[in-house]
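Open the model in your viewer and keep the sequence panel beside it. We will go from one selection to the next.

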2 protein chains.
Amino acid sequence: MDYTKRMDALRSQIDRDLQTLCRDKEPSSLYEPMQYLFDSGGKRIRPLLLILSCEAVGGAVRDCLDAALAVELLHTFTLVHDDMMDHDDLRRGHETVHRKWDEATAILTGDGLVTLAYQTLLKTTHLQIQEILKSFTDGLLVLCEGQAMDKEFEDRSGISLDDYNRMIYQKTGKLIEVSCEIGAILGDASAKEKTALKEFGKNLGLAFQIQDDMLDILSHESVLGKPIGSDLVENKKTYLTVHFYTNGSASQIDRFNACIHKKVLEPEDIQVIRDIYEETGTLESSRQCIQNLISEALRHLEGIKPNESGEHLKQFSLQLRDRVS
Amino acid sequence: MDYTKRMDALRSQIDRDLQTLCRDKEPSSLYEPMQYLFDSGGKRIRPLLLILSCEAVGGAVRDCLDAALAVELLHTFTLVHDDMMDHDDLRRGHETVHRKWDEATAILTGDGLVTLAYQTLLKTTHLQIQEILKSFTDGLLVLCEGQAMDKEFEDRSGISLDDYNRMIYQKTGKLIEVSCEIGAILGDASAKEKTALKEFGKNLGLAFQIQDDMLDILSHESVLGKPIGSDLVENKKTYLTVHFYTNGSASQIDRFNACIHKKVLEPEDIQVIRDIYEETGTLESSRQCIQNLISEALRHLEGIKPNESGEHLKQFSLQLRDRVS
């Protein structure tokens, strides 16, 4: 099937299934915010990668759909709690849960989502269900550690690219790696295929995060669904800031700091930052890094026998690299 | 072995094992608050019930210790998030995590604890591991629903005893029921024994919550580890308030309301409330209700073949009924 049609069909299926998970459930203070989140869209990257990974080694959607929903639920849980920790008001163009409702609702919605993730994953029938659950859980713990590290970094300077890479692997790369790994297990992959898909997911996840870092400053609010420069205002360590502080001259750093020490960045501040990033080669370095990671991801895909879903995984990777939101 | 010695030995084992779970782990912003929580004590009711239930049907501690730790981790997770939702400053005589650190730390500590709960449960080797995990997860979802209902009730009047009973079953009874059930499964209980222990746990859990409601007004801050009357200040629906508003006269309700519409209750307010509760038969009704639930719990225990751990379960139930903190 044509790549775009296939992806659209899978996305529709995932959206439909997510929506049935909390339809007509009580109490409404728990399930309404979940429904709101499912209605707010999302790229569904993790479930799509899980399904395609499963198919790439010969599995079928019916064998992995619950697991696919589970990784999306887990991801949604992290968004709700992270947005609250980061005091973000917008996500995907919609008010975040703690803003639209309140903090207690956001905490509980997140807790409900992680539980629903396990409940959905546990519908899976597979001999290696315990291994799958361990991988899912280990991934979640790594993710919590990554989020803790991300918050710690906000109050620290002198973060190296190594620190940054470790943090984004934990915060973003790991769950994408786990999605591909679980898909592989559910498709009864060989050990070699499983490793290939894990490594593919890991590299793709890192590329995805660096791309996310770039979009924070290069995109537009209307496309991104949240204010441009949020990462800078929150003093988040991104590929861009880490590269810039390592490579910028004293005067460039002064100009840069004068811009970012504000609660809200004006369009002219954004332009100054973009220009400085251009001067220091930061944007070029980020693009190169993403390209290298995507190439590495695709190289690992060569470890599995080609089929249509494997081909779609490649196209998906290139599309993620070129995305604008 | 003597009941008290045995309980002390089990409690020490649980405390020791909890403490090793996060020793020397990084990042410290995630694991230090966990260590703090494990060092802050606790009655360890759920893991003790799980272990005794397992033994009561012929199982051994080594078969169920990880599961026992898991239910305590799950319980600790709910405390951290609930304290934040309820804006409580003290727990077990220690500052709550969101007060000692901050809200972001409390959210993430809770998230880490629930993950650690699953990770620890997944160390269990048993043919019915998927059933155990389903029971654990279903219990957690019920608990989230109960907490949501508890919060909804804060803004509502006219809560009936039926509403209240449903809410405390979800919020408290269910996890105690699940603890006994998982212990039973791990001890390879028959279907009849499993049901008996589940029902035992459910009734004990309900009695425990009503006892908790009573202690909120009858205990002392130094013993309870938090201010007396917290439930009233937060407008929590308790067995006492539900019984009182159903049975109190208009003038009793007026006197009562005049006391509780304050941010902090003074000792003389507490005394007025105790006196009114005495007049309306609220305290007597609570005591009777607890006694009935304990009797019902013990009746279910008769469904299993007597042994020393079964005997300890009985003693444990009576001790919970008579506790002062």
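Leaving aside its neighbours within four places in sequence, which residues is B:Ser325 in contact with? Select B:Ser325 and find out. The contacts are B:Lys43, B:Leu215, B:Val223 and B:Leu224. Bear in mind that this model is predicted.

**Stop 1: the segment after helix 16**

Stay on B:Ser325. This serine sits in the segment that follows helix 16 (308-321) of chain B. B:Ser325 counts as partly exposed, because its relative accessibility is 31% and buried would mean under 20%.

**Stop 2: a histidine that touches both chains**

Select B:His81 next. Look for it in helix 4 of chain B. Is B:His81 buried or exposed? B:His81 is buried, with a relative accessible area of 0%. Show its contacts, leaving out neighbours within four places in sequence. From chain A come A:His81, A:Ile107 and A:Asp111. From chain B come B:Ala106, B:Ile107, B:Gly110 and B:Asp111.

**Stop 3: a patch of negative charge**

Move to the surface. Select A:Asp102, A:Glu103, B:Asp102 and B:Glu103 together. These four gather there in a patch of negative charge. Zoom in on B:Asp102. This aspartate belongs to the loop between helix 5 (97-100) and helix 6 (103-121) of chain B. Its relative accessible area is 38%, so B:Asp102 is partly exposed.

**Stop 4: cis peptide bonds**

Select A:Glu26 and A:Pro27 and look at the backbone. The peptide bond from A:Glu26 to A:Pro27 is cis, with omega near -5°. A:Pro27 is in the loop between helix 1 (3-21) and helix 2 (28-39) of chain A.

Switch to chain B. What kind of peptide bond joins B:Glu26 and B:Pro27? The bond is cis, and omega is about -5°. Find B:Pro27 in the loop between helix 1 (3-21) and helix 2 (28-39) of chain B.

**Stop 5: positive phi**

Select A:Arg44. Its phi is near 55°, a positive value in a residue other than glycine. A:Arg44 lies in the loop between helix 2 and helix 3 (45-56) of chain A. This arginine is buried, with a relative accessible area of 2%.

Then pick B:His87. Here too phi is near 55°, positive in a residue other than glycine. B:His87 lies in the loop between helix 4 (61-85) and strand 1 (90-91) of chain B. B:His87 counts as exposed, at 61% relative accessibility.

**Stop 6: salt bridges**

How many salt bridges does the structure hold over all chains? There are 45. Side chains of opposite charge can pair when their charged atoms come close. Visit three of these pairs.

Begin with A:Asp86 and A:Lys151. Their side chains meet in a salt bridge, 3.0 Å from N to O. A:Asp86 is in the loop between helix 4 (61-85) and strand 1 (90-91) of chain A, and A:Lys151 is in helix 7 (residues 129-154), so the pair ties together parts that are 65 residues apart in sequence. A:Asp86 is buried at 10% relative accessible area, and A:Lys151 is buried at 18%.

Next, select B:Glu131 and B:Lys194. The closest N and O atoms of this salt bridge are 2.8 Å apart. B:Glu131 is in helix 7 (residues 129-154) of chain B and B:Lys194 in helix 9 (residues 191-218), so this pair ties together parts that are 63 residues apart in sequence. B:Glu131 is partly exposed, with a relative accessible area of 28%. B:Lys194 counts as partly exposed at 21%.

Now take B:Lys198 and B:Glu177. They form a salt bridge, with the closest N and O atoms 3.9 Å apart. The pair links distant parts of the chain, 21 residues apart: B:Lys198 in helix 9 and B:Glu177 in helix 8 (residues 161-186) of chain B. B:Lys198 counts as partly exposed at 25% relative accessibility, whereas B:Glu177 counts as buried at 4%.

**Last stop: a network**

Return to chain A. Select A:Asp82, A:Asp86, A:Asp150, A:Lys151, A:Glu154, A:Lys171 and A:Lys236. Salt bridges that share partners join these residues into one network.

Note on methods:
Residues are numbered from 1 along each chain as its sequence is written. Chains are lettered from A and ligands numbered from 1 in the order in which they are written. This is a predicted model: local features need pLDDT of at least 70, side-chain atom pairs count only at pLDDT 80 or more; totals for chains, interfaces and linings use all residues. Side-chain values use heavy atoms; hydrogens and water are left out. Patches are made of residues with over 30% relative accessible area and no salt bridge: like charges are joined within 9 Å, nonpolar side chains (Val, Leu, Ile, Met, Phe, Trp, Tyr) within 5 Å. Accessible areas come from the Shrake-Rupley method with a 1.4 Å probe; for residues, only the protein chains shown count as cover. Lys and Arg count as positive and Asp and Glu as negative; His and the chain ends are not counted. The place of a charge is taken as NZ of Lys, CZ of Arg, CG of Asp or CD of Glu. Helices (H or I, at least four residues) and strands (E, at least two) are DSSP runs, numbered from the N terminus. Buried means under 20% relative accessible area, exposed over 50%, partly exposed in between (1.4 Å probe, protein chains only). Contact means heavy atoms within 4.5 Å.
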